[in-house]
Amino acid sequence: MTWGAAAKWYGFPWPPFEVEFLPRGDLDAVKRLVDTDVAAVIAEPVQGVAGAVDLGAPFLAALRERTHETRSLLILDEVQCGMGRTGFPFAATLHGVAPDMITTAKALGAGFPCAALLMADHVAAHLRTDDLGTTFGGGPMACALIEAVIDIIESEGLLANVRRLAQQIRETCVVGPVTAVQGAGFLTGLRTRRPAKDVQRELMDRDILTGTSADPYVVRILAPYVLEDAHVAQLREALVSLPA
């Protein structure tokens with residue numbers, strides 16, 4: 001179900017079910033392609049690898065409305081944008097959408113490998129013994145770490161810190177080679193005039209770690225939730241010093 005998977009992943013002779021891809025932001029395509037034959041619609045609310053692209057509330061609301069009409073499931077992939085990265089518990093919270101299921105991982109364990117599947121009561125009510133199977137699921141180490149991560153995010157007010165400094169990045173870092181800031185919270189994309197890989201290398205020389213993305217003109221930043229004002233100032237100063 002990943003874009004391009006049929007051409008480059010795994011090598012299965014055929015997929016186990018039909019998959020269609022909706023054009024991003026195309027509300028007409030939502031009505032046209034999501035019908036009563038569709039089991040589920042899966043969306044990544046803020047697309048990470050694509051370059052920190054926020055699908056936005058109108059598009060997600062259209063998906064929710066249409067899946068209600070067709071009695072299909074709406075599943076949000078929040079492996080990268082969930083667990084506070086947008087400044088809210090989940091991007092679904094940010095955009096006011098109530099999905100049927102959410103997948104989450106990565107920040108869930110602060111680096112420890114773990115994942116979780118969250119589901120609404122009306123979905124969970126259909127689960128029976130042995131419907132879900134996992135070798136490591138519910139391990140005590142993972143569960144303890146997940147609980148600790150949630151406790152720290154709440155007790156240290158980290159979501160408010162994400163929202164405040166993400167806004168500061170938007171307001172101060174459109175300088176040097178950067179023409180715009182996109183994404184949500186600390187899933188940030190810096191759109192650049194020059195190739196992102198060059199800007200990434202130049203920032204690395206100034207002790208700032210960033211990534212690139214599928215968009216050759218987007219530098220991607222996934223800052224830690226404990227980022228400080230001084231770090232945003234350091235980023236701005238580095239960008240100012242780069243060739244436009």
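Buried means under 20% relative accessible area, exposed means over 50%, and partly exposed is in between, with a 1.4 Å probe and protein chains only. Keep that handy for the tour.

What you have open is a predicted model, in which local features need pLDDT of at least 70, side-chain atom pairs count only at pLDDT 80 or more, and totals for chains, interfaces and linings use all residues. Residues are numbered from 1 along each chain as its sequence is written, and side-chain values use heavy atoms, with hydrogens and water left out.

**Stop 1: the whole chain.** Show the cartoon: there are 9 helices and 9 strands, taken as DSSP runs (H or I of at least four residues for helices, E of at least two for strands) and numbered from the N terminus. The C-alpha trace spans about 55 × 40 × 35 Å along its principal axes. Of the 244 residues, 40% are buried.

Stop 2: Select W3, in the segment before α1 (5-8). W3 is exposed, because its relative accessible area is 67%.

**Stop 3: the largest core.** Select I169, F186, L190, L203, L227, L235 and L239, the residues with the most contacts inside the largest nonpolar core, which has 28 residues. Such a core is a set of buried Ala, Val, Leu, Ile, Met, Phe, Trp, Tyr and Cys residues joined through side-chain atoms within 4.5 Å. Elements supplying at least two residues each include α6 (140-155), β7 (178-184) and α9 (229-241). The largest share, 6 residues, comes from α7.

Zoom in on I169: beyond its neighbours within four places in sequence, I169 is in contact (heavy atoms within 4.5 Å) with V181, F186, T188, L227 and V232. Apart from this core lies another, of 19 residues, among them F59, L74, C114 and I146.

**Stop 4: two loops.** Select R71, in the loop between α3 (57-70) and β4 (73-77). R71 is not a glycine, yet has a positive phi of about 60°. Finish at K106, in the loop between β5 (101-104) and β6 (116-119), where phi is near 50°.
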